Amino acid sequence: MSSVAGTSNDEQPHDGHEPRRRFSLRARVAVLAAVAVALAVAITTAAIYLMLRSQLYDQLDRDLLARAEAASSALDRSSIPILPSDALGTDAQIGLITPEGYIRPANGEMPPVDDAEWQVAWGEEPHSLRWVTEGGETRRVAAVPAGEGNAFIMAATTDSIDETLGRVRSVALLVGLIGVIVAASAGYGVAQAGLRPLGELTSATERVARTMDLTPIASSGDDEIGRLAASFNAMLASLSAARVRERQLVADAGHELRTPLTSLRTNLDLMAQAGAAGRSLEPAMRDELLDDVRAELVELGRLVDDLVQLSRGADPTEPKVLTDLASIVDDCLTHVRRRTHGVQFDVSLSPWWVHADVQLLARAVTNLLDNAVKWSPPAGTVTVQIHDGLLSIADEGPGIDPKDRPHVFDRFYRSDGARSLPGSGLGLAIVAQAVAEHAGQVTVGDSPTGGARFDVAIPGTPEAPSPEDHHDDAEPARSNSVIHSENP
């Protein structure tokens with residue numbers, strides 16, 4: 001029993017019956033070439049045949065009329081009764097219409113006579129030509145005037161023409177069959193030669209799927225196959241880079257996780273050894289160890305949360321809602337102030353309406369605020385502004401060394417000055433990822449006070465769109481008012 005999930009494109013289930021097998025591409029190209037040549041040969045042969053047939057019959061009419069006129073003017077009508085029947089050719093019948101009746105040659109048959117011949121004899125028509133079929137034989141009958149009240153009649157068979165046309169049909173059929181066979185063979189050969197690079201590319205893709213070897217595929221030329229190979233190589237390069245980043249993330253995460261785990265193990269071992277020796281730890285030492293364990297657990301939980309956030313990114317199924325960036329920043333400031341002591345906040349927020357994943361964007365803003373607080377000196381001030389849609393968060397700390405600025409948004413990157421401080425090096429990476437998810441840009445520079453300044457630009461508008469301009473059911477989170485606040 002075959003599995004539907006494993007069915008290839010060339011073998012699809014069809015109405016519960018056996019899978020319908022399709023011809024290979026080479027076979028289809030060969031059949032297409034054969035059909036095209038067959039149609040071309042058929043059309044060409046039909047055109048040639050009809051033209052040749054028309055010309056042969058036209059020539060027969062001209063010859064028949066010329067012979068009849070020559071015979072009519074050269075022969076004495078009184079001698080016609082004793083004229084041999086083959087005097088004008090064995091393929092012709094001759095006769096004469098007179099007012100007294102018909103005159104036919106000796107030992108011959110009178111050609112067929114009808115109204116057309118009498119009209120010529122009466123002078124109503126200059127000549128006549130018509131087809132006559134008798135006894136399965138087709139003849140062409142011509143009549144020309146032969147004096148007043150008389151008409152000379154000549155009838156000839158079309159056997160020679162029919163024989164010629166029959167030979168033409170046979171030759172055309174033979175040539176057509178040979179052409180179809182040659183076209184099918186040539187089409188198959190051309191398809192096989194033309195599709196060879198595609199077959200090599202298919203084999204290479206199957207090798208990648210089988211071995212997970214992301215080595216680029218050798219390609220040459222700038223045709224469609226070459227462009228396809230180049231596109232596939234670009235995809236392999238992206239996959240290879242993603243694999244390198246994944247391995248680097250795992251290695252960095254393992255390194256970062258090792259530090260708190262080692263500290264936890266050390267503290268727990270000290271407590272276990274004290275218990276095994278029957279000695280109790282000093283209350284102060286015991287409290288210190290427990291505080292250290294709690295701090296490492298908090299750091300470990302934060303690291304895990306950051307890793308989950310980086311790996312998850314924005315939820316593609318979660319629609320972005322229209323919200324005021326100032327309201328998000330204000331809410332984040334409320335949370336940061338609760339756990340911050342000694343650092344002041346100078347806040348000036350103008351409305352800036354964006355379509356956002358509120359949770360993800362709030363996480364990014366919180367990370368920027370936490371980073372500014374971490375680097376601020378005691379009693380320092382963190383300046384938070386939204387002006388013309390640009391969110392700026394600046395501190396009064398030591399700033400960021402120019403050589404570190406290109407790397408501050410890299411995962412697990414920590415400058416020399418940050419290695420002794422808490423943190424995993426993932427906060428700013430989450431900021432960069434969140435801003436990119438909102439089609440924005442984040443940059444780092446110097447604040448007017450000498451510290452670091454982070455600027456976040458996200459596409460939006462200073463005024464909330466009217467209800468008919470958007471489809472969000474939720475009411476605007478904030479009114480269009482500027483928020484100014486400082487710590488008391």
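The structure is a predicted model. The chain has 488 residues, of which 34% are buried. There are 8 helices and 15 strands in the chain.

**Confidence of the prediction**

- The average pLDDT of the chain is 77, and 76% of the residues score at least 70.
- In residues 1-14 the pLDDT is below 50, and this stretch has 13 contacts in the model beyond near neighbours in sequence.
- In residues 79-90 the pLDDT is also below 50. Beyond near neighbours in sequence, residues 79-90 have 28 contacts in the model.

**Helices α6 and α7**

- Helix α6 covers residues 325-338 and helix α7 covers residues 358-375. Their axes come within 9 Å and cross at roughly 50 degrees.
- Angles of 65 to 115 degrees count as roughly perpendicular and those under 35 degrees as roughly parallel; α6 and α7 are therefore oblique to each other.
- The crossing of α6 with α7 is right-handed.
- On the α6 side, the contact is made by Leu325, Ile328, Val329, Cys332, Leu333 and Val336. On the α7 side, it is made by Val358, Leu361, Ala362, Val365, Thr366, Leu369, Asp370 and Val373.
- By class, the residues of this contact comprise 12 nonpolar, 1 polar and 1 charged.

**Helices α7 and α8**

- Helix α7 also meets α8: the two axes come within 9 Å and cross at roughly 145 degrees. This crossing is left-handed.
- Helix α7 contributes Leu360, Arg363, Ala364, Asn367, Leu368 and Asn371 to the contact, while α8 contributes Gly427, Leu428, Ile430, Val431, Ala434 and Glu437.
- The contact of α7 with α8 contains 7 nonpolar, 3 polar and 2 charged residues.
- Helix α8 spans residues 427-437, and its buried residues are Leu428, Ala429, Ile430, Val431, Gln433, Ala434 and Val435.
- Just after α8, Ala439 has a positive phi of about 60 degrees.

**Ile393 in strand β12**

- Ile393 belongs to strand β12, which covers residues 390-394.
- The relative accessible area of Ile393 is 2%, and buried means under 20%, so this residue is buried.
- Leaving aside residues up to four places away in sequence, Ile393 touches Val365, Leu368, Leu369 and Ala372, as well as Val382, Thr383, Val384, Ala452, Arg453 and Phe454.
- Thr383 is 10 residues from Ile393 along the chain, and their C-alpha atoms are separated by 5.7 Å.

**Two residues in loops**

- Thr158 is found in the loop between β7 (151-157) and α3 (159-211). With a relative accessible area of 1%, Thr158 is buried.
- Not counting residues up to four places away in sequence, the residues that Thr158 touches are Tyr57, Leu60, Trp131 and Thr138.
- His407 is located in the loop between β12 and α8. Its relative accessibility is 33%, so His407 counts as partly exposed, a class that lies between the buried limit of 20% and the exposed limit of 50%.
- The C-alpha atom of His407 is separated by 9.6 Å from that of Ala429, a residue 22 positions away along the chain.

Terms used
Residues numbered from 1 in each chain as written. Predicted model: local features only at pLDDT ≥ 70, side-chain atom pairs only at ≥ 80, totals over all residues. Heavy atoms only, no water. Axes fitted to C-alpha atoms, helices over the stretch in contact; angles between N-to-C directions. Helix = DSSP H or I, 4+ residues; strand = E, 2+ residues; numbered from the N terminus. Parallel < 35°, antiparallel > 145°, perpendicular 65-115°, else oblique. Left-handed = near helix turned anticlockwise from the far one by under 90°. Contact = heavy atoms within 4.5 Å. Nonpolar A, V, L, I, M, F, W, Y, C, P; charged D, E, K, R; others polar. Buried < 20%, exposed > 50% of the residue type's maximum accessible area, 1.4 Å probe, protein only. pLDDT = per-residue confidence, 0-100.
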